[in-house]
Amino acid sequence: MNAPQPITMPIPGGIDPVPVPRAAVPRADGRVDLIGLTRDQLRALLAEAGLEPKQAKLRAKQLWHWIYNRGTTDFTAMTDIAKTMHPWLEERFVIGRPQVVQAQVSTDGTRKWLLRSDDGQDYEMVFIPDADRGTLCVSSQVGCTLNCRFCHTGTMKLVRNLTAGEIVGQVMLARDALGEWPSQPEGRMLTNIVMMGMGEPLYNFDNVRDALTLVMDGDGLALSKRRITLSTSGVVPMMERAGKEIGVNLAVSLHAVTKEIRDEIVPINKKYGIEELLSACAAYPGANNARRITFEYVMLKDKNDSDEDARELVRLIRHYKLPAKVNLIPFNPWPGVPYECSTDERIQRFSDIVFKAGISAPVRQPRGRDIMAACGQLKSAAEKISRAELDRRAAEKQAALG
């Protein structure tokens, strides 16, 4: 059998399509996974399978509760559904979870899971516990569309987008691992979600939106939109739409304040420059002093960490009148990377300049470095790649993005 040929996957926002393999791979047993489906989709699926409309509506409501509120994966445990119907459901449907290939725990308590989809694709998620919160870092793609040069994930080829079910499935798997079913707002360990794992969320907009809609549903997983943050490297055409249709907190991977340096380390800047990006931030729906935009800024030695860089960052935030805070991120190294982390003294000096201007600029403490779970380190395949191959992949991605 011939291998599936790459076909173009349109990216929203008027951006050139990126060629990726998109062959659909159904489950080997022919059953349909219910994770990721809305109530209406559940009802339509049940009706298509043969239930009459009123029964399909009732069963969809029951299934929704058991799946998203109770975390149930076994139809026989659904006590308000007739036992005679359990075999009918089991024959046609499944309530799945991502396959766990590897689970690691850092010395600081951070957890990282290497997950595998039904079609054999690997991706990762990370849970970061703190005293007052627990944050799940969720992936949106297998690989990444972009090629940010300091980011380990950015060296990967984009394989495909994750489905809404695969995205929300990460949250449900974390709930399983933490023993947090049935769903309840109080006393949770998992309190926050950040779309900061593998991939660029705004290049998988529809699936990310649909997954987060399920996560925020008050009758299901019930996480508040104020506890969810979506991070983008600067896909400007999709930012306003994200604010209107998803409405979660926005984080922007800024990482530099000059065109020359941002072009190098965040090459999407060549398509959407700093001025265009910051204008989109200023127009982001819902942004205010109570819901500030977070600028992520990885600290790279002698690259973006000077006093002049700090002052220019302050100037830009003031110029665009942005309700903002800045997360300063000590660079997390990985094999083969050409950058070094700024010294502790330099990072503190940078932070002090921004703080003195009245803008919050905390230094994020690295978490999970020993298991390659820290910011910018996620990369599911333990492959060794030459510098020439990294450069070739980066050039290929940049050409596709225009």
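Figure 1. Asp302 is exposed, because its relative accessible area is 67% and the cut-off for exposed is over 50%. This and every other view here comes from a predicted model. You can find Asp302 in the loop between S14 and H9. Look at its backbone too: phi of Asp302 is near 60°, a positive value in a residue other than glycine.

Figure 2. Is His255 buried or exposed? His255 counts as buried, because its relative accessibility is 4% and buried means under 20%. Its place is the loop between S13 and H7. Although His255 is not a glycine, its phi is positive, about 70°.

**Figure 3. Leu254 and the residues around it.** Leu254 sits in the loop between strand S13 (249–253) and helix H7 (259–265). With a relative accessibility of 2%, Leu254 counts as buried. Which residues does Leu254 contact, leaving aside its neighbours within four places in sequence? They are Arg262, Val266, Leu277, Phe295, Glu296 and Leu313.

**Figure 4. Helix H9 and its buried residues.** Helix H9 covers residues 307–319. Which residues of H9 are buried? They are Asp307, Asp309, Ala310, Leu313, Val314, Leu316 and Ile317. The buried residues of H9 pack against helix H8 (274–282), strand S14 (293–299), strand S15 (324–330) and helix H10 (344–356). After H9 comes Lys321, with a positive phi near 50°.

**Figure 5. An open sheet of nine strands.** The strands of this open sheet follow the order S5-S6-S7-S8-S11-S12-S13-S14-S15, and their pairing is mixed. Which strands lie at the edges? Strand S5 (99–105) and S15 do, each pairing on one side only. From one strand to the next, the twist averages 20°.

**Figure 6. Strands S8 and S11, with helices on the sheet.** Strand S8 (residues 134–137) and strand S11 (residues 192–195) pair in the parallel sense, over three bridges. Cys137 stands opposite Val194 in S11. Helix H5 (residues 205–216) lies across S11 and strand S12 (228–232), running at about 165° to S12. H10 also packs on the sheet, where it touches S14 and S15, and its direction makes about 175° with that of S15.

**Figure 7. S12, a strand covered on both faces.** S12 and S11 pair in the parallel sense over three bridges, and Ile193 stands opposite Ile228 in S12. Five of the five residues of S12 are buried, so this strand is largely enclosed by the rest of the structure. How do its faces compare? In a regular strand the side chains alternate between the two faces of the sheet. In S12, Ile228, Leu230 and Thr232 are buried on one side, and Thr229 and Ser231 are buried on the other.

**Figure 8. The largest nonpolar core.** This core has 111 residues. Which residues have the most contacts inside the core? They are Leu34, Leu63, Phe150, Phe295 and Val326. Helix H4 (residues 164–178) gives the most to this core, with eight residues. The core draws at least three residues from each of domain 1 (32–96) and domain 2 (99–371). For a closer look, turn to Leu63: not counting residues up to four places away in sequence, Leu63 touches Leu34, Leu42, Leu46, Phe75, Met78, Ile81 and Leu89. As background, nonpolar side chains tend to be buried together in soluble globular proteins.

**Figure 9. A cis peptide bond at Pro182.** Trp181 and Pro182 are joined by a cis peptide bond, with omega about -5°. Pro182 belongs to the loop between H4 and S11.

Terms used:
Residues numbered from 1 in each chain as written. Predicted model: local features only at pLDDT ≥ 70, side-chain atom pairs only at ≥ 80, totals over all residues. Heavy atoms only, no water. Helix = DSSP H or I, 4+ residues; strand = E, 2+ residues; numbered from the N terminus. Buried < 20%, exposed > 50% of the residue type's maximum accessible area, 1.4 Å probe, protein only. Contact = heavy atoms within 4.5 Å. Expected span 1.5 Å × (residues − 1). Pairing = 2+ DSSP bridges. Axes fitted to C-alpha atoms, helices over the stretch in contact; angles between N-to-C directions. Core = buried A, V, L, I, M, F, W, Y, C linked by side-chain atoms within 4.5 Å. Domains from an automatic or database assignment.
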